[in-house]
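User: I am new to this structure and would like to go through it step by step. Please show it first, and then take my questions in turn.

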Amino acid sequence: MKTLCFNEKNMELLLVNQTLLPNTLSYFTCKTTQDVIFAMQTMVVRGAPAIGVAAGFGCVLAANESLDAENWLDELNGRLTLLEAARPTAVNLMWAVSRMRALLEAKQPETCLKARDLLLTEALRMEAQDITICKKLGRNGAALLKDGDCVLTHCNAGALATAAYGTALGVIRAAVEEGKKITVIADETRPLLQGARLTSFELSRDHIPVTVACDNACALLMSQGRVDSVIVGADRIAENGDTANKIGTFGVAIIAKHFNIPFYVAAPLSTIDRALPDGSLIPIEERSRDEVASFAGKSILPQDVPAVNFAFDVTPAELISAIITEEGVLTPPYAESIAQAFSARS
Ligand code: MRU
C-alpha cells in the first residue's frame, strides 16, 4: 500500500482515501490543484509529512494546468498560493510549497513545461527523502524503547501520515525490526478517529499488537501501569520546542507528566518552524461543527447546540521529554538542540 503515488503518464496524483479506511482501501485521483486542496481539506490525505509531499505533487499539477497560459508563471504562482493555504497548522505544507517556489526562482525555467519537469523531479525527490528521513528518525528513536514496552500514541503519525513508514509509528516499527516486542495503545482520537481507524489499521497489517482505547481512558491506563512511554507526531514545532499536534495531545502530555511517563515527539526537521519563537504563535485550525455533532453518520447533538472543533493543541516544551528527529534525539533546552540539529544538517 502506498499512501500516495504520482502517475506521470496521466499527470495525476493518487491518494489513499483515508476517509474510507479501515473498511475500504481505494485511491482518490487528483488531476488539478483544486483536487489536491479538496483532498487535504476533507482529510482524504492528512498528517503533516504526507500533506507536504502531496503539496509537492500539487505544484506539479499546478504547472500542468498552467501550460497553455500566456502568463503561465503568474497562473502557476496563483495556484501555489491557494495550495499553501489549504490547511493552516501543518507547516510541512508551506515548507513544501516554499521549496518549490525557491527552485523556480533559482532555475528560472523559460517555459511552463520546463517548470513542470523541474517540479516533478523535485516532488519525487521530496517523496523519497521523506521515506529516508522517517527510517532514520525511527532508528534514532528506537533506542528509547525497551523490549516489552507498551507505547501509547495519539492520532495517526504512521505510514498513512507520511510517504511511508511514519514518524511516531516509524520509531515503533524500527524497534520491532530490532527484535523488540512492542505493544501499542492507540487513542481513538475524536472526532475523526485517526487512531481507531488508521493507526490500528496500519499496525495490525504489520502484525504489531495494537489495542484501541477511548481518548478519555488515558489517565486510568497510565495509573494502572499499562503505559511505558508516549510517542506522538507533530504538525508544527516552534523554535523553543512547543509542539502542535492533534487535539488531545496536550492532555496526554499532562497526564504522562503526572505519572512520570516519558513523552516523546517524533518529527522531521521540516516540521520545525524556526520563524516562530514559541507555540502561542502557531495557527490552530478550527474545523466544522459537523465533525463533532455526528458519530457514525448519526447526529448526536440537538440541532441548535454549537460545538467547538479545534483540530490541534499545543503541548508546551516543558512536558516533552525529547524530540526524535532524523538528526538525532533532541533534549531540552530545545532552542539549543534544535539549532544544533539544523547546523548538523547543513
Ligand atoms: O488532522 P490530521 O489528521 O492531519 O492531524 C494529524 C496529526 O496530528 C499527526 O499527529 C501529525 O500530522 C503528525 S503525522 C506524522
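User: Which kind of contact do the side chains of E285 and R87 meet in?

Analyst: This is a predicted model, in which local features need pLDDT of at least 70, side-chain atom pairs count only at pLDDT 80 or more, and totals for chains, interfaces and linings use all residues. Residues are numbered from 1 along each chain as its sequence is written, and side-chain values use heavy atoms, with hydrogens and water left out. The rule asks for a side-chain nitrogen of Lys or Arg within 4 Å of a carboxyl oxygen of Asp or Glu. With 2.8 Å from N to O, the side chains of E285 and R87 meet in a salt bridge.

User: How many salt bridges does the rule find across the interface of domain 1 and domain 2?

Analyst: The chain is divided into domain 1 (4-134) and domain 2 (140-345), with bounds that come from an automatic or database domain assignment. Across the interface of these two domains, the number of salt bridges found by the rule is 1.

User: What area is buried between domain 1 and domain 2?

Analyst: Buried area is the accessible area (1.4 Å probe) that two parts lose on being put together, summed over both. Carbon and sulfur atoms give 59% of the area buried between domain 1 and domain 2, and the whole is about 2400 Å².

User: Which three residues supply 25% of the area that domain 1 buries against domain 2?

Analyst: The share of 25% is more than any other three residues supply on the domain 1 side. The residues in question are R46, T89 and C134.
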